[in-house]
Amino acid sequence: NQPFPKDFTIDSTAAVLFEGYKFIQNRKHMLNSNIFQTRVMGKKVICISGEDAAELFYDNDKFQRQGAVPKRVQKSLFGVKAIQNKDGQAHQHRKELFMSLMTKDKINELQRITRNQWEMNIKNWEKAESITLYEDSAYIMCKIAFEWAGVPLKESEVQQRTHEYKSMVDSFGGVGPRYQKGKRSRINNEKWAKHMIEQVRDHTLSADEGTALHAMAWHKDSKGQLLDPLMAGKELINILRPIVAISRYVTFAALALHEYPQYKKKIKNDENGQSTKMFVHEVRRYYPFGPLLGAMTRQDFTWKGYDFKKGTLVFLDIYGTNRDSELWDDPELFYPERFDNWDGSGFDLIPQGGGDYYKNHRCPGEQVTIKVMEESIKFFVNDITYDVPNQDLGISLRRMPTLPRSGFIITNVNRK
Ligand code: HEM
């Protein structure tokens, strides 16, 4: 069998931070291989990229998550020992809890809430001199998240909660103060979320059936026990935080409407919703968010002539797979039409992971993300007018997670 092509740097940790999203792609091109070996943070890592790599990565017989998610990421972004870190039966049981919130009715309700929150916000925007879309949409997404999850939220609290969820997400590619901020936000927010769960359980706070708050508070693990209240709180956060993070895609969507204005007309005249959906898929494919995912091999196996040893850390290249020229024609082009008659394999468009929602770690919030984006984009196109003044719209691929540098500023907002 063949040896893994090697990245001959002693340790590539600095390169990951320096090259950001393109770390794997750069080496993939340099070594002319979709698979190579490197070292990150003192560990041997095999990096893989592309559709068949994604299919391999989601093979539960070959891979597990335990041991793959660094403690620092659990302590800031995910929550220690929460769903992201589970395997097998325990994972599937927990995943069903999340998927129980993703019914058609619940997604329709989310659509209504999203629409309504944008409507209620418009008065503020009409009065404002200028708006930084990333900041304001995060604030609005926070209100949407809490309302949908059935969690009470005072107007005076929105700023703090928005800040906490933004910091958790912002910390994942950061060291020093950026990481510390995410960790502090998680500590605060977990304390609050645990308290919410306890209040539901002692009936001092009412939670409607079907909401995330109710589901997390009363979920029983596979042994029939209620989750410990802190764990239930962490899983509640695993609903609230990522909905706030949709503000990043809302910002990228507004940027795409600005840079490719021809799609406004298509979205406006979109009778069956198909053009809007294609636009949303392309925003999620094209603009960077999660760079890569990690998993650990759970047995020795051979794939494409390469021998993987049990206990090896493997990185799947999300950014590069979404821009893989073997998979996408002209991947560097923003071209929503590529999704016309698209029949996804589950391993090609992977901004939110791949595989099966129930069996794998694929993001359970993918339909939530798509619905909130669609509703937000429709509102921008159909219901308001605004100007986009000169500003720095550049996107650094070194900074993870990234955004247009200005945060996307708009002015002169008016209701149509
Ligand atoms: C998992 C991306 C929105 C809840 C994931 C994964 C990715 C991802 C890459 C990991 C897949 C894997 O480990 O194989 C995103 C992006 C979003 C988003 C880019 C856009 C903002 C959401 C939303 C929710 C959500 C709106 C909830 C309403 C989760 C949960 C997991 C997850 C609970 C863990 C699933 C598991 O381990 O089985 N997401 N997500 N995400 N996401 Fe999302």
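**Rings and charged partners**

Author: Tyr386 is buried, because its relative accessible area is 18%, where buried means under 20%, exposed over 50% and partly exposed in between (1.4 Å probe, protein chains only). Phe380 is buried too, at 4% relative accessibility. This is a predicted model, in which local features need pLDDT of at least 70 and side-chain atom pairs count only at pLDDT 80 or more, while totals for chains, interfaces and linings use all residues. Residues are numbered from 1 along each chain as its sequence is written, and side-chain values use heavy atoms, with hydrogens and water left out.

The whole structure holds 26 aromatic pairs. Phe57 and Tyr58 form one of them: ring centres 5.3 Å apart, planes at 80 degrees, so edge-to-face. Rings of Phe, Tyr and Trp (its six-membered ring) pair if their centres lie within 6.5 Å; planes under 30 degrees apart count as stacked, over 60 as edge-to-face, the rest as tilted. Phe57 and Tyr58 are both buried. Now return to Phe380 and Tyr386: their centres lie 6.3 Å apart and their planes meet at 80 degrees, so this pair is edge-to-face. Phe57 and Tyr58 also belong to a cluster linked by ring pairs, with Phe4, Phe63, Phe301, Tyr306, Phe308 and Phe347.

Next, the charges. The structure has 30 salt bridges, each a side-chain nitrogen of Lys or Arg within 4 Å of a carboxyl oxygen of Asp or Glu. Asp7 bridges to Arg27, with the closest N and O atoms 2.8 Å apart. That pair links distant parts of the chain, 20 residues apart: Asp7 sits in the segment before helix H1 (13–19), Arg27 in helix H2 (residues 23–31). Helices (H or I, at least four residues) and strands (E, at least two) are DSSP runs, numbered from the N terminus. Asp7 and Arg27 are both buried.

Asp170 bridges to Arg248, with closest N and O atoms 3.4 Å apart. Here the partners are 78 residues apart: Asp170 in helix H8 (residues 155–170), Arg248 in helix H11 (residues 229–259). Both Asp170 and Arg248 are buried.

Arg285 and Glu282 make another bridge, its closest N and O atoms 2.8 Å apart. These two lie three residues apart in helix H13 (residues 274–286), so about one helical turn separates them. Arg285 and Glu282 are buried as well. Elsewhere, salt bridges with shared partners join Arg115, Glu119, Asp383 and Arg415 into one network.
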